[in-house]
Protein chains: 2
Amino acid sequence: MKFKAIVIACGLALTATALAEDTGIPFPEGYRSWFHHRSTVNMTGHQPESNVGIQHVYANAAAVEGLRSGTFADGATFVVDRFKYEDAGNSSLSQGSRKVIAMMVRNAAKYPETGGWGFEAFKGGDPNQRVVKDGGKACFACHIPHADNNYLFSRNDKP
Amino acid sequence: MKFKAIVIACGLALTATALAEDTGIPFPEGYRSWFHHRSTVNMTGHQPESNVGIQHVYANAAAVEGLRSGTFADGATFVVDRFKYEDAGNSSLSQGSRKVIAMMVRNAAKYPETGGWGFEAFKGGDPNQRVVKDGGKACFACHIPHADNNYLFSRNDKP
(Lines give C-alpha, C1' and ligand atoms only; values in the text may rest on other atoms or scores of the structure.)
Protein backbone atom coordinates (compact mmCIF):
# COMPACT_ATOMS: atom_id res chain seq x y z
CA MET A 1 0.00 0.00 0.00
CA LYS A 2 2.82 2.32 0.93
CA PHE A 3 4.66 1.34 -2.28
CA LYS A 4 1.56 2.01 -4.37
CA ALA A 5 1.16 5.45 -2.83
CA ILE A 6 4.77 6.30 -3.65
CA VAL A 7 4.31 5.18 -7.26
CA ILE A 8 1.20 7.32 -7.64
CA ALA A 9 2.95 10.32 -6.08
CA CYS A 10 5.87 9.92 -8.47
CA GLY A 11 3.45 9.64 -11.37
CA LEU A 12 1.80 12.89 -10.40
CA ALA A 13 5.16 14.60 -10.10
CA LEU A 14 6.17 13.41 -13.56
CA THR A 15 2.86 14.54 -15.00
CA ALA A 16 3.30 17.99 -13.49
CA THR A 17 6.78 18.23 -14.96
CA ALA A 18 5.55 17.12 -18.36
CA LEU A 19 2.75 19.69 -18.41
CA ALA A 20 4.99 22.64 -17.58
CA GLU A 21 7.23 23.69 -20.42
CA ASP A 22 10.65 25.02 -19.50
CA THR A 23 10.67 28.71 -20.35
CA GLY A 24 14.44 28.82 -19.99
CA ILE A 25 14.03 31.53 -17.36
CA PRO A 26 16.35 30.67 -14.47
CA PHE A 27 15.22 30.70 -10.86
CA PRO A 28 15.88 34.19 -9.44
CA GLU A 29 18.70 33.34 -7.04
CA GLY A 30 19.29 36.12 -4.52
CA TYR A 31 16.05 37.98 -5.25
CA ARG A 32 15.38 38.39 -1.52
CA SER A 33 18.17 40.95 -1.42
CA TRP A 34 16.79 42.89 -4.38
CA PHE A 35 14.98 46.19 -3.98
CA HIS A 36 11.54 45.76 -2.40
CA HIS A 37 9.32 47.87 -4.60
CA ARG A 38 5.90 47.50 -3.01
CA SER A 39 3.37 44.97 -1.72
CA THR A 40 -0.27 44.18 -2.40
CA VAL A 41 -2.79 42.19 -0.41
CA ASN A 42 -5.27 40.09 -2.39
CA MET A 43 -8.10 39.30 -0.02
CA THR A 44 -10.51 36.37 -0.21
CA GLY A 45 -12.75 37.06 -3.21
CA HIS A 46 -9.89 38.22 -5.42
CA GLN A 47 -9.78 36.69 -8.91
CA PRO A 48 -7.95 34.61 -9.89
CA GLU A 49 -8.44 32.89 -6.54
CA SER A 50 -4.95 31.36 -6.69
CA ASN A 51 -3.53 34.88 -6.32
CA VAL A 52 -5.10 35.47 -2.89
CA GLY A 53 -2.40 36.38 -0.36
CA ILE A 54 0.20 38.96 0.61
CA GLN A 55 2.58 39.56 -2.27
CA HIS A 56 5.82 41.48 -2.41
CA VAL A 57 7.36 42.87 -5.59
CA TYR A 58 11.17 42.80 -5.80
CA ALA A 59 13.12 44.46 -8.60
CA ASN A 60 16.67 43.74 -9.74
CA ALA A 61 18.99 46.67 -10.50
CA ALA A 62 17.90 46.90 -14.15
CA ALA A 63 14.24 46.87 -13.14
CA VAL A 64 14.84 49.65 -10.58
CA GLU A 65 16.48 51.69 -13.32
CA GLY A 66 13.48 50.99 -15.56
CA LEU A 67 11.05 52.14 -12.87
CA ARG A 68 13.01 55.40 -12.66
CA SER A 69 13.42 55.98 -16.40
CA GLY A 70 10.23 54.41 -17.72
CA THR A 71 12.19 52.18 -20.11
CA PHE A 72 13.20 48.63 -19.28
CA ALA A 73 16.41 47.14 -20.67
CA ASP A 74 16.66 43.44 -21.45
CA GLY A 75 17.39 41.59 -18.23
CA ALA A 76 15.19 43.80 -16.06
CA THR A 77 13.44 41.36 -13.73
CA PHE A 78 10.61 41.55 -11.24
CA VAL A 79 9.77 38.87 -8.71
CA VAL A 80 6.37 38.60 -7.06
CA ASP A 81 6.77 36.63 -3.83
CA ARG A 82 3.32 35.53 -2.70
CA PHE A 83 2.40 34.13 0.71
CA LYS A 84 -0.76 32.83 2.24
CA TYR A 85 -1.89 35.14 4.96
CA GLU A 86 -2.74 34.02 8.47
CA ASP A 87 -4.79 35.55 11.25
CA ALA A 88 -2.24 36.84 13.76
CA GLY A 89 -4.84 38.09 16.23
CA ASN A 90 -5.64 41.72 16.97
CA SER A 91 -7.08 42.11 13.45
CA SER A 92 -3.67 41.54 11.88
CA LEU A 93 -2.68 39.37 8.94
CA SER A 94 0.78 37.87 8.93
CA GLN A 95 2.67 35.99 6.25
CA GLY A 96 2.10 32.26 6.21
CA SER A 97 3.63 29.71 3.87
CA ARG A 98 4.97 30.73 0.46
CA LYS A 99 2.52 30.04 -2.37
CA VAL A 100 4.62 30.95 -5.37
CA ILE A 101 7.54 32.94 -6.70
CA ALA A 102 6.40 34.53 -9.98
CA MET A 103 8.64 36.42 -12.38
CA MET A 104 8.63 38.87 -15.26
CA VAL A 105 11.88 39.04 -17.23
CA ARG A 106 12.41 41.68 -19.90
CA ASN A 107 13.59 40.56 -23.32
CA ALA A 108 11.89 42.51 -26.05
CA ALA A 109 13.04 40.29 -28.93
CA LYS A 110 12.48 36.94 -27.23
CA TYR A 111 8.94 37.49 -25.94
CA PRO A 112 7.07 39.49 -28.61
CA GLU A 113 3.75 37.76 -27.91
CA THR A 114 3.71 38.76 -24.24
CA GLY A 115 4.69 42.40 -24.41
CA GLY A 116 8.42 41.78 -24.37
CA TRP A 117 8.24 40.13 -20.96
CA GLY A 118 8.87 36.47 -20.21
CA PHE A 119 6.79 34.91 -17.45
CA GLU A 120 7.68 32.06 -15.12
CA ALA A 121 6.56 30.90 -11.69
CA PHE A 122 7.84 28.42 -9.13
CA LYS A 123 5.27 26.71 -6.93
CA GLY A 124 6.04 27.08 -3.24
CA GLY A 125 9.29 28.77 -4.20
CA ASP A 126 10.71 25.43 -5.34
CA PRO A 127 13.15 25.90 -8.26
CA ASN A 128 12.07 22.48 -9.58
CA GLN A 129 8.33 23.23 -9.67
CA ARG A 130 7.81 25.38 -12.74
CA VAL A 131 4.13 26.11 -13.29
CA VAL A 132 3.87 28.33 -16.40
CA LYS A 133 2.53 26.12 -19.17
CA ASP A 134 1.49 28.35 -22.03
CA GLY A 135 4.42 30.63 -22.69
CA GLY A 136 3.04 33.02 -20.10
CA LYS A 137 -0.10 33.93 -22.04
CA ALA A 138 -2.40 33.36 -19.06
CA CYS A 139 -0.17 35.55 -16.88
CA PHE A 140 0.08 38.18 -19.58
CA ALA A 141 -3.70 38.39 -20.05
CA CYS A 142 -4.06 40.23 -16.72
CA HIS A 143 -1.23 42.63 -17.65
CA ILE A 144 -2.65 43.67 -21.03
CA PRO A 145 -4.81 46.49 -19.54
CA HIS A 146 -1.53 48.02 -18.29
CA ALA A 147 0.06 48.25 -21.75
CA ASP A 148 0.47 52.00 -21.26
CA ASN A 149 2.56 51.27 -18.16
CA ASN A 150 4.99 48.73 -19.62
CA TYR A 151 2.44 46.04 -18.65
CA LEU A 152 3.12 46.65 -14.94
CA PHE A 153 0.44 46.94 -12.29
CA SER A 154 2.55 49.38 -10.23
CA ARG A 155 2.01 52.99 -11.19
CA ASN A 156 3.25 56.33 -9.84
CA ASP A 157 5.66 54.72 -7.45
CA LYS A 158 9.21 55.48 -8.49
CA PRO A 159 12.05 54.17 -6.31
CA MET B 1 -6.78 86.29 7.54
CA LYS B 2 -4.12 84.53 5.55
CA PHE B 3 -1.43 85.96 7.85
CA LYS B 4 -3.36 84.83 10.92
CA ALA B 5 -3.64 81.31 9.51
CA ILE B 6 0.10 81.19 8.92
CA VAL B 7 0.81 82.36 12.47
CA ILE B 8 -1.48 79.69 13.89
CA ALA B 9 0.09 77.03 11.67
CA CYS B 10 3.58 78.05 12.85
CA GLY B 11 2.39 77.95 16.45
CA LEU B 12 1.12 74.41 16.02
CA ALA B 13 4.37 73.36 14.43
CA LEU B 14 6.35 74.82 17.32
CA THR B 15 4.09 73.11 19.83
CA ALA B 16 4.52 69.76 18.10
CA THR B 17 8.27 70.20 18.13
CA ALA B 18 8.26 71.13 21.78
CA LEU B 19 6.19 68.07 22.74
CA ALA B 20 8.43 65.58 20.99
CA GLU B 21 11.79 65.11 22.62
CA ASP B 22 14.73 64.48 20.33
CA THR B 23 15.84 60.91 20.91
CA GLY B 24 19.06 61.60 19.07
CA ILE B 25 18.23 58.76 16.70
CA PRO B 26 18.95 59.94 13.17
CA PHE B 27 16.48 59.53 10.31
CA PRO B 28 17.24 56.20 8.59
CA GLU B 29 18.59 57.53 5.31
CA GLY B 30 18.70 54.84 2.64
CA TYR B 31 16.51 52.36 4.52
CA ARG B 32 14.49 51.65 1.37
CA SER B 33 17.47 49.74 0.04
CA TRP B 34 17.86 47.68 3.22
CA PHE B 35 16.80 44.07 3.42
CA HIS B 36 13.00 43.67 3.36
CA HIS B 37 12.36 41.24 6.18
CA ARG B 38 8.60 40.80 6.13
CA SER B 39 5.29 42.68 6.08
CA THR B 40 2.16 42.70 8.19
CA VAL B 41 -1.32 44.02 7.49
CA ASN B 42 -3.16 45.62 10.39
CA MET B 43 -6.82 45.69 9.40
CA THR B 44 -9.51 48.04 10.66
CA GLY B 45 -10.14 47.04 14.28
CA HIS B 46 -6.45 46.61 15.10
CA GLN B 47 -5.27 48.29 18.30
CA PRO B 48 -3.72 50.74 18.56
CA GLU B 49 -5.86 52.16 15.77
CA SER B 50 -3.01 54.40 14.59
CA ASN B 51 -1.15 51.27 13.51
CA VAL B 52 -3.80 50.20 10.99
CA GLY B 53 -2.22 49.77 7.55
CA ILE B 54 0.25 47.75 5.51
CA GLN B 55 3.64 47.80 7.14
CA HIS B 56 7.00 46.62 5.90
CA VAL B 57 9.95 45.74 8.11
CA TYR B 58 13.41 46.63 6.76
CA ALA B 59 16.63 45.54 8.46
CA ASN B 60 20.10 47.03 8.11
CA ALA B 61 23.09 44.71 7.74
CA ALA B 62 23.65 44.43 11.51
CA ALA B 63 19.96 43.64 12.05
CA VAL B 64 20.06 40.94 9.35
CA GLU B 65 23.06 39.43 11.11
CA GLY B 66 21.13 39.57 14.38
CA LEU B 67 18.14 37.80 12.85
CA ARG B 68 20.49 35.02 11.73
CA SER B 69 22.48 34.71 14.94
CA GLY B 70 19.84 35.64 17.50
CA THR B 71 22.07 38.33 19.01
CA PHE B 72 21.90 41.97 18.01
CA ALA B 73 24.99 44.15 18.04
CA ASP B 74 24.74 47.85 18.84
CA GLY B 75 23.70 49.68 15.68
CA ALA B 76 21.35 46.97 14.49
CA THR B 77 18.33 48.87 13.19
CA PHE B 78 14.85 47.97 12.03
CA VAL B 79 12.51 50.30 10.18
CA VAL B 80 8.76 49.77 10.04
CA ASP B 81 7.40 51.63 7.01
CA ARG B 82 3.65 51.91 7.43
CA PHE B 83 1.14 52.93 4.74
CA LYS B 84 -2.57 53.46 4.67
CA TYR B 85 -4.18 50.82 2.52
CA GLU B 86 -6.59 51.59 -0.27
CA ASP B 87 -9.21 49.54 -2.07
CA ALA B 88 -7.66 48.71 -5.43
CA GLY B 89 -10.70 46.84 -6.71
CA ASN B 90 -10.96 43.07 -7.25
CA SER B 91 -10.74 42.55 -3.45
CA SER B 92 -7.20 43.90 -3.37
CA LEU B 93 -5.58 46.35 -0.98
CA SER B 94 -2.82 48.56 -2.30
CA GLN B 95 -0.45 50.93 -0.53
CA GLY B 96 -1.73 54.45 -0.09
CA SER B 97 0.03 57.36 1.57
CA ARG B 98 2.80 56.80 4.09
CA LYS B 99 1.63 57.08 7.71
CA VAL B 100 4.90 56.79 9.56
CA ILE B 101 8.44 55.53 9.51
CA ALA B 102 9.10 53.88 12.88
CA MET B 103 12.47 52.63 14.10
CA MET B 104 14.13 50.35 16.62
CA VAL B 105 17.85 50.96 17.11
CA ARG B 106 19.96 48.59 19.20
CA ASN B 107 22.15 50.11 21.90
CA ALA B 108 22.15 47.96 25.00
CA ALA B 109 23.86 50.50 27.28
CA LYS B 110 21.97 53.57 26.08
CA TYR B 111 18.41 52.23 26.32
CA PRO B 112 18.25 50.00 29.41
CA GLU B 113 14.64 50.97 30.19
CA THR B 114 13.34 49.82 26.81
CA GLY B 115 15.05 46.47 26.42
CA GLY B 116 18.22 47.87 24.91
CA TRP B 117 16.33 49.28 21.94
CA GLY B 118 15.84 52.95 21.15
CA PHE B 119 12.53 53.92 19.55
CA GLU B 120 11.78 56.79 17.19
CA ALA B 121 9.15 57.54 14.56
CA PHE B 122 8.73 60.12 11.82
CA LYS B 123 5.19 61.13 10.92
CA GLY B 124 4.47 60.75 7.22
CA GLY B 125 8.12 59.86 6.72
CA ASP B 126 9.10 63.48 7.34
CA PRO B 127 12.57 63.67 9.00
CA ASN B 128 11.41 66.83 10.78
CA GLN B 129 8.28 65.31 12.35
CA ARG B 130 9.52 63.24 15.28
CA VAL B 131 6.62 61.76 17.21
CA VAL B 132 8.12 59.69 20.06
CA LYS B 133 7.59 61.67 23.24
CA ASP B 134 8.27 59.39 26.17
CA GLY B 135 11.63 57.83 25.49
CA GLY B 136 9.86 55.10 23.57
CA LYS B 137 8.04 53.63 26.56
CA ALA B 138 4.67 53.56 24.79
CA CYS B 139 6.24 51.81 21.80
CA PHE B 140 8.11 49.41 24.06
CA ALA B 141 4.97 48.42 25.98
CA CYS B 142 3.71 46.40 23.00
CA HIS B 143 7.11 44.71 22.61
CA ILE B 144 7.43 43.53 26.22
CA PRO B 145 5.51 40.26 25.60
CA HIS B 146 8.24 39.40 23.07
CA ALA B 147 11.09 39.66 25.57
CA ASP B 148 12.06 36.06 24.79
CA ASN B 149 12.51 37.07 21.14
CA ASN B 150 14.73 40.14 21.60
CA TYR B 151 11.50 42.19 21.88
CA LEU B 152 10.75 41.57 18.19
CA PHE B 153 7.35 40.60 16.83
CA SER B 154 8.91 38.58 13.99
CA ARG B 155 9.59 34.98 14.92
CA ASN B 156 10.85 31.94 13.04
CA ASP B 157 11.71 33.91 9.95
CA LYS B 158 15.46 33.96 9.44
CA PRO B 159 16.79 35.75 6.38
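## Terms and basis of the model

Helices (H or I, at least four residues) and strands (E, at least two) are DSSP runs, numbered from the N terminus. The model is predicted, with local features needing pLDDT of at least 70 and side-chain atom pairs counting only at pLDDT 80 or more, while totals for chains, interfaces and linings use all residues. Residues are numbered from 1 along each chain as its sequence is written, chains are lettered from A and ligands numbered from 1 in the order in which they are written, and side-chain values rest on heavy atoms, with hydrogens and water left out.

## Backbone features

In chain A, a cis peptide bond with omega of about 0° joins Gln47(A) and Pro48(A), and Pro48(A) belongs to the loop between strand 1 (35-42) and strand 2 (53-59) of that chain.

Tyr151(A), a residue other than glycine, has a positive phi near 70° and is placed in the segment after helix 3 (137-143) of chain A. Tyr151(B), likewise not a glycine, has a positive phi of about 70° and lies in the segment after helix 3 (137-143) of chain B.

## Nonpolar cores

A nonpolar core is a set of buried Ala, Val, Leu, Ile, Met, Phe, Trp, Tyr and Cys residues joined through side-chain atoms within 4.5 Å, where buried means under 20% relative accessible area (1.4 Å probe, protein chains only). The largest such core has 19 residues, and those with the most contacts inside it include Ala59(B), Phe72(B), Trp117(B) and Leu152(B). At least two residues of this core come from each of strand 2, helix 2 (61-69), strand 3 (77-87), strand 4 (92-106) and strand 5 (117-123) of chain B. Apart from it lies another core, of 15 residues, among them Ala63(A), Val80(A), Met104(A) and Phe140(A).

Leaving aside neighbours within four places in sequence, Phe72(B) is in contact (heavy atoms within 4.5 Å) with residues including Ala63(B), Leu67(B), Phe78(B), Arg106(B) and Asn150(B).

## Helix 2 of chain A

Helix 2 (residues 61-69) of chain A has Ala63(A), Val64(A), Gly66(A) and Leu67(A) as its buried residues. They cover an arc of only 160° around the axis, which puts them on the same side of helix 2 of chain A; the arc is that of the directions from the helix axis to the C-beta atoms. The buried residues of this helix pack against strand 1, strand 2 and strand 3 (77-87) of chain A. After helix 2 of chain A comes Gly70(A), with a positive phi near 90°.

Key: Buried < 20%, exposed > 50% of the residue type's maximum accessible area, 1.4 Å probe, protein only.
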